[in-house]
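Here is a short report on cross-links, charge pairs and nonpolar clusters in one model. The sequence and the structure come next, followed by the details.

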Amino acid sequence: MMVDPGAVAVLVVTSLIAIVEATQSLSAEECFGVGLNRATLLCSSCDTLKEFNLEVLESNCRQCCNVDDVNATPT
């Protein structure tokens with residue numbers, strides 16, 4: 001089976017970008033600026049955004065949340 005080196009490169013770059021974005025976190029002030037309270041926001045709350053068609057908020061939510069669930073994605 002032949003693997004396309006270009007496809008592998010795209011997969012690696014895309015994965016690296018996702019990792020960098022996931023590991024960045026916002027300060028308490030930045031979170032407050034986007035309408036989120038870092039002190040009280042639980043990562044499990046970010047999981048429910050899809051139910052309300054609010055996926056656009058998920059990135060900021062993940063960067064401001066506190067881990068409360070083993071399945072939640074922390075920053």
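A disulfide is counted here when a pair of cysteine sulfur atoms lies within 2.5 Å. In general, a disulfide is a covalent bond between the sulfur atoms of two cysteines.

The model is predicted: local features need pLDDT of at least 70, side-chain atom pairs count only at pLDDT 80 or more, and totals for chains, interfaces and linings use all residues. Residues are numbered from 1 along each chain as its sequence is written, and side-chain values use heavy atoms, with hydrogens and water left out.

**Disulfides**

The structure holds three disulfides. With bonded cysteines counted along the chain, their pattern is 1-5, 2-6, 3-4.

| Disulfide | S to S distance (Å) |
|---|---|
| C31 and C64 | 2.0 Å |
| C43 and C65 | 1.9 Å |
| C46 and C61 | 1.9 Å |

Some terms apply throughout. Helices (H or I, at least four residues) and strands (E, at least two) are DSSP runs, numbered from the N terminus. Buried means under 20% relative accessible area, exposed over 50%, and partly exposed in between (1.4 Å probe, protein chains only).

Take C31 and C64. The link is left-handed, with -100 degrees about the S-S bond. C31 lies in helix α2 (residues 28-33) and C64 in helix α4 (residues 58-64), so the pair ties together parts that are 33 residues apart in sequence. Both C31 and C64 are buried.

Next, C43 and C65. This link is right-handed, with 80 degrees about the S-S bond. C43 sits in helix α3 (residues 43-47) and C65 in the segment after α4, so the pair ties together parts 22 residues apart in sequence. C43 is buried, at a relative accessible area of 0%. C65 is also buried, at 5%.

Then C46 and C61. The torsion about their S-S bond is about -90 degrees, so this disulfide is left-handed. The pair links distant parts of the chain: C46 belongs to helix α3 and C61 to helix α4, 15 residues apart. C46 is buried, and C61 is buried as well.

**Nonpolar core**

A nonpolar core is a set of buried Ala, Val, Leu, Ile, Met, Phe, Trp, Tyr and Cys residues joined through side-chain atoms within 4.5 Å. Which residues make up the largest nonpolar core? There are nine in all: L26, C31, L41, C43, C46, L49, C61, C64 and C65. The elements that give two or more residues to this core are α3 and α4.

Contact means heavy atoms within 4.5 Å. Leaving aside neighbours within four places in sequence, C61 is in contact with L36, L41, C46 and L49.

**Salt bridges**

A salt bridge is a side-chain nitrogen of Lys or Arg within 4 Å of a carboxyl oxygen of Asp or Glu. Side chains of opposite charge can pair when their charged atoms come close. The structure holds two salt bridges.

One joins R62 to D47, with the closest N and O atoms 2.4 Å apart. The pair links distant parts of the chain: R62 in helix α4 and D47 in helix α3, 15 residues apart. Is R62 buried or exposed? R62 counts as buried, at 13% relative accessibility. D47 counts as partly exposed, at 34%.

The other salt bridge pairs the side chains of E58 and R62, at 3.2 Å from N to O. E58 and R62 are four residues apart in helix α4, so about one helical turn separates them. E58 counts as buried, at 17% relative accessibility. Salt bridges that share partners join D47, E58 and R62 into one network.

Not counting residues up to four places away in sequence, E58 touches C46, L49 and K50.

**Surface patch**

Patches are made of residues with over 30% relative accessible area and no salt bridge; like charges are joined within 9 Å, and nonpolar side chains (Val, Leu, Ile, Met, Phe, Trp, Tyr) within 5 Å. Accessible areas come from the Shrake-Rupley method with a 1.4 Å probe; for residues, only the protein chains shown count as cover.

F52, L54, V56 and L57 form a nonpolar patch on the surface, with about 410 Å² of accessible area together. F52 is found in the loop between α3 and α4. At 55% relative accessibility, F52 counts as exposed.
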